[in-house]
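Please keep the sequence and the model in view while reading.

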Amino acid sequence: MTLGDIAISNLRRRKGKAFFVLAGLLIGVSTVVALLSLVSAMKEDINHKLEMYGANILIVPKTENLSLTYGGLSLGGVSFEMQEIREEELENIKKIANANNVAALGPMVLGPVTVADQRLLMAGVDFQAFRVLRPWWTMKGQEPDDDGALLGSEAARLLGLGTGDKFQVNDREIQVTGVLETTGSQDDGLIFAPLAMTQELLGKKDRISMAEVAALCSGCPIPEMVKQISDVLPGANVMAIQQVVKGRMETLNHFEKFSYGVSALVLLVGSLMVLVTMMGSVRERTVEIGIFSAMGFRGSHVIRIILMEAAIISGLAGVLGYLVGFSVTKMLIPLFTEGHGAHVPFDPVMAAGAFLLSIFVGLAASSYPAFAASRLDPNEALRAL
Amino acid sequence: MKRIQAQQIAKQYGKGDTAVTALKGISFTIDAGEFVAVMGESGSGKSTLLSIVGTLNSPTSGRLTVDDIDVYALGKDKRADFRRKSIGFVFQNFNLLPYLTLAENVMLPLATVREKRAKKRSMALAALARVGLAEKAERLPSQVSGGEQERVAIARAIVGRPPIILADEPTGNLDSKTGKDIMGIINGLNSEGMTIIMVTHNPDYAAYAHRLLRVADGVLE
């Protein structure tokens, strides 16, 4: 017979009260697990959607006094006459600490060309990277290979060209392999061609005018990445497209704050349930606790018995709470997310956290009843005779 | 050796107009190995006296010493340790825990003692054997008679071999034959050297004692 045996025997005897405490904690823990898992899955879903927004970091050459808008965003600017970035310098981006968070890196060379007496802006790009950077592009035709071109809708209209037509730039014949649907951005007026070919046509071999980076992923530290890229590209001006980044952060923060608030509220209610039930249990056991005192139990022994009971129930509630919360999230996730099939994997950290949180809440809520029990007048036992 | 000395013990419950004085400054000495019966009318203060001697109820004034140790000058924890080592209680209503077997009930006072489980169990079975209930060790209290429950309460009181046994009307809820059996056991414990202080209403059972303390209106007659 030990204090632990007394605690277990008492739980077996008072199954109803034990179940009530278990239910209070289980509801609290499972709600917290479900909310946090749900928010985590929703964040993943939102991140996925935000990735559809394209680039969020822009790299342009350092300049003194330039102003240019691009893509509807105020980005500082770029001049075609200014000093360009060397293409090989972009390789340094692969060495930054958060290189793994770079979803796509799209170098771009820009320069004016004359086509059929019309002055237009030609952009040499890496089409593979642009699939990530311009996910909203839709086109008639297809991306060019090494020597074709993709026309913006306005450029195609101005030049009177369509898919399959050919035009000349600096005596070089280029075939239109596709025409972009209207995007409402400056892309509509551009001629997009493979990077290497454009560099050659513009006489800017191995040089680029700007580069775009897509670094949208869960928890990407955008400001930190901007600093890291600035460090490896001292000759470039690196900027975060603030609207996208801030919007994304605000959305995620809002969700997180909401889940923490609701979790705290539910846990508070759960812990009050535990407190009230344990206080009731202590009152019910006044005579029993008095007998313990008569037998020479110290106050600390009584506290240990009650806290052991609380720890056993809380531990069980933690395990069951995680399983219930996990299952509920699995069931609810299709209702809260769309599209790419957000999933809820078994999270050992969250499982351990739920277990420890449950024990912490159970013990904290039981500490006052345990203390009150230890302060009971042992003479109550004899008076009750 | 446990010599109990009470000096001018007084106990008052409540304050002001509602105050009730249970003991009005009583003094006595009980030598080690004595068997003392405490008698008195209901409300005379005898149960208060027993609880004070049992170190469960602080007197309003006066001093209780056991082997010259002022027990109420000890801290709560030290007093609990003293109680565990020195005093065994036998309650009128047995006060067995209904969810524990008889052996587990007897083992209860040993729960805070650092001892191997098997050793505790053998001590409990020896105490149950001492009161003739070894064969019913695994039964629950509800599965034995009132007299047997009282014997289990005695076994629980003696399992730690305390030198002092305090019994509050141990035969109060029993028929006369069972009561005599219980008195036989208590008398036997006294013969083995234990100091017995027993509250009783029954003069026949008080006759087992070496000495009688009669309490009336909070004083010794």
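A:D187 is buried, with a relative accessible area of 3%; buried means under 20% relative accessible area, exposed over 50%, and partly exposed in between, with a 1.4 Å probe and protein chains only. Its side chain meets that of A:R134 in a salt bridge, at 2.9 Å from N to O. A salt bridge is here a side-chain nitrogen of Lys or Arg within 4 Å of a carboxyl oxygen of Asp or Glu. The pair links distant parts of the chain, 53 residues apart: A:D187 is in the loop between β10 (172–180) and β11 (190–194) of chain A, and A:R134 is in the loop between α3 (127–133) and β7 (139–141) of chain A. A:R134 also counts as buried, at 6% relative accessibility.

The model is predicted, so that local features need pLDDT of at least 70 and side-chain atom pairs count only at pLDDT 80 or more, while totals for chains, interfaces and linings use all residues. Residues are numbered from 1 along each chain as its sequence is written, chains are lettered from A and ligands numbered from 1 in the order in which they are written, and side-chain values use heavy atoms, with hydrogens and water left out.

Chain A as a whole has eleven helices and 14 strands; helices (H or I, at least four residues) and strands (E, at least two) are DSSP runs, numbered from the N terminus. Of its 385 residues, 50% are buried. Contact means heavy atoms within 4.5 Å, and among contacts in chain A between residues at least 6 apart in sequence, 81% join residues at least 24 apart.

One strand of this chain, β1 (residues 57–61), has five of its five residues buried. A:I57, A:I59 and A:P61 point one way from β1(A), whereas A:L58 and A:V60 point the other way. Two strands pair if DSSP finds at least two bridges between them. β1(A) pairs in the antiparallel sense with β13 (residues 210–214) of chain A over three bridges, where A:L58 has A:E212 as its bridge partner. Five bridges join β1(A) to β14 (residues 236–240) of chain A, again antiparallel, and here A:V60 stands opposite A:N237.

Attention now turns to where the chains meet. A:R14, in the loop between α1 (3–13) and α2 (15–51) of chain A, is buried at a relative accessible area of 11%. Leaving aside neighbours within four places in sequence, A:R14 is in contact with A:S281, A:E284, A:R285, A:E288 and B:Y99. A:R14 also belongs to a network of salt bridges with A:R13, A:K17, A:E284, A:R285, A:E288 and A:E309. Another salt bridge brings together the side chains of B:R117 and A:D5, at 2.6 Å from N to O. B:R117 lies in helix α4 of chain B and A:D5 in helix α1 of chain A, so the pair joins two chains.

In chain B, eleven of the 13 residues of helix α5 are buried. These buried residues pack against α8 (286–294) of chain A, together with β6 (87–90), α3 (102–107), α4 (117–130), β7 (164–168) and α6 (176–191) of chain B.

Helix α6 of chain B holds a further pair, B:K177 and B:D181, which are four residues apart and therefore separated by about one helical turn. They form a salt bridge whose closest N and O atoms are 3.5 Å apart. B:K177 is exposed, with a relative accessible area of 58%, and B:D181 counts as partly exposed at 39%.
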